Amino acid sequence: MQLMRSIDEKSKHLGKEVWKMRNRVAIIGVGMCKFGELWEQNLKDFTLEAGMYAIFDAGVPGSDIDGMVIGNMSAGRFTGQEHLGAFAVDMGGLGDIPAYSVEAACASGGAAVRQAYMAIKSGEHKVMLVLGSEKMSDVNQTEAMNTISVASDWEWEGMFGATFPALYAFMARRHMYEYGTTEEHLAMPTVKNHANAAHNPWAQFQSPVPIDVVMKSGLLADPLRVLHSAPVTDGAAGLVMCSEDLAKKYSDTPVFIEASDQSSDTLALHDRKSITTMNAVVSSTRYALKEANLELKDINVFELHDSFSIGEIILTEDVGIAKKGEGGKALEEGITEIGGKFPVNPSGGLKARGHPVGATGVAQIVELALQLRGDAEKRQVDGAEKALAVNIGGTGATSIVHILGR
Amino acid sequence: MAEQGVASVWRRIKAIYTIQGNMCKTCGSYYFPPRPVCPECRRKGKLELYTFKGLGTIYSYTVVRQAPEDFKRQMPYVIAQVELDEGTRLTAQIVNVDIENVEIGMRVRACFRKIKEFGQGGIIAYGYKFEPTMKVTGHKEKSSPKQKEP
């Protein structure tokens, strides 16, 4: 079922060798609103806030921005509002610039970054505003879960009673069966990410959680518990991106996108040969490292998509930090802590920073840009020069990888 | 919403009622749910309808303890990925079993059950769930062949 093209074939197909020679794409401004259940703000309020922060951070006059793209999964179901491109440009007073939203389930944010990356790389746009946004708390918990569930194969998984946590529980159960991963392992990403988020003023949860509390939290779908799962979050994040030649004009601390890659896999989890590995992550990471001309050991800091803790364990393996089956062991050894060899989710990840689905992919890039600029304060990974983000859609049907460098 | 529609279930009842998928004459792969294109062979593929025998093995499972409105009355329920004997997998509920007896590798067979109601006043969808084969064959519990380690 896997139609994995060889890297060389893909490079040839896309002419990536030629691509690399051209102007790089820079991130010159980052912004976020405080993530959380924002009862007093609607979609417009906090999306505007994140965008404004990004623009002020970049020091770019609004008139220089010539395009906008916003990542959003399902504002239509969450709030009743669609057509977010025009919506955001209008609220931001950005005039008549082209704007649209992109959707790739939980990878919508990553897809927005990638769209802007390609638009700037092609020369069509010079300076772009990238937003990611989601308002999830205006519907009840059940409806929020239903809306997330449509990221999987609704007709053949959701309709038969497989909730989104249930699908990740399939992966967790199988991972435990094949590799001996334990319930302690499943709790470890949560403990680590909450500890990291304690130093992130934008995070939804800024308090550490002891492991026994995680292991005794309510069951969602065995063996997954409430505290293994990313929360319902409102929030937005923004970036200002431009071409390399312009970056120096606006910013003293530009961060560059060294590679942007994306892979797809089957929509339904049951169609995959293995459910303990995400092939889309394996291939998109390989393509990205090749494009950036780097090896995994060159990467100093990671943001990996931990919508459920088993997700972080599987991604740790698929990215190559740990061998297959040893993601739990890597957590035990502290390799993925800040100060470890491969720090993962210094921001707190989706679990503790919060997971407004459309905003997550952008928020990952915001965190990594701050890390590379040395602006991450108490959660700073010392001397970080290269960073890698993996943003997943659904149960791994979409994987978007960005590598940043300074 | 679209999923409330009668047509969305009705147009799939062959597949949902009888586990009808397809099989590619070119490469011999079986597909369920039915696919419009064989992803292995693409334009060279020759897909034919195939009705699965409905026998399989539990590949992975979970117990759903927080469910959408339409499933609340069934909670907690077991849902699994069942590997059909033909080699493809599907997602279905496991019934007629005590939760603590479910395990990876358990032999199961398809049965016809009510799946869900589409909200109040919505249609009732029927289709496949799975149950342990031991219920009908009298095999002693957990005599199922363990799945091979991958």
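**Reading strands, helices and contacts**

Tutor: Let's start with a strand pair: β5(B) and β6(B) run antiparallel and are joined by six bridges. Strands (E, at least two residues) and helices (H or I, at least four) are DSSP runs numbered from the N terminus, and two strands pair if DSSP finds at least two bridges between them. This is a predicted model, where local features need pLDDT of at least 70, side-chain atom pairs count only at pLDDT 80 or more, and totals for chains, interfaces and linings use all residues. Residues are numbered from 1 along each chain as its sequence is written, while chains are lettered from A and ligands numbered from 1 in the order in which they are written.

Student: In β6(B), which residue is the bridge partner of E83(B)?

Tutor: Strands of a sheet pair through backbone hydrogen bonds, either parallel or antiparallel. Here E83(B) has R89(B) as its partner. The two strands make a hairpin with four residues between them, and G87(B) in that turn has a positive phi of about 115 degrees.

Student: How many of the residues of β6(B) are buried?

Tutor: A residue is buried if 20 or more other C-beta atoms (placed from the backbone) lie within 10 Å of its own, exposed if 12 or fewer, and partly exposed in between. Six of the six residues of β6(B) are buried, so the strand is largely enclosed by the rest of the structure. Across chain B, buried residues make up 36% of the 150 residues.

Student: Where else in chain B can I look for a hairpin?

Tutor: F112(B) sits opposite Y128(B) in β8(B). Six residues lie between these two strands, with G119(B) in the turn at a positive phi of about 70 degrees. In total, chain B has three helices and eight strands, in the order α-α-β-β-β-β-β-β-β-β-α along the sequence.

Student: How many residues of chain B are in contact with chain A?

Tutor: Contact means that the C-beta atoms of two residues, placed from the backbone, lie within 7 Å. By that rule, 25 residues of chain B are in contact with 25 residues of chain A. On the chain B side, the elements giving two or more residues are β4 (55-64), β5 (77-84) and β6 (89-94). That side has 15 nonpolar, six polar and four charged residues. For the classes, Ala, Val, Leu, Ile, Met, Phe, Trp, Tyr, Cys and Pro count as nonpolar, Asp, Glu, Lys and Arg as charged, and the others, Gly among them, as polar.

Student: What about the sheet in chain A: in which order do its strands come?

Tutor: Chain A has an open sheet of nine strands, ordered β3-β2-β4-β7-β1-β8-β11-β10-β9, with mixed pairing. β3 (99-102) and β9 (301-304) of chain A stand at the edges with a single partner strand each, so one side of each has no neighbour in the sheet. From one strand to the next, the twist averages 25 degrees.

Student: Is α16(A) mostly covered or left open?

Tutor: Mostly covered: 16 of its 17 residues are buried. After α16(A) comes G374(A), with a positive phi near 80 degrees.

Student: Which pair should I compare with that one?

Tutor: Look at α9 (183-197) and α13(A), which pack at about 95 degrees with axes 8 Å apart. That makes α9(A) roughly perpendicular to α13(A).

Conventions. Axes fitted to C-alpha atoms, helices over the stretch in contact; angles between N-to-C directions. Parallel < 35°, antiparallel > 145°, perpendicular 65-115°, else oblique.
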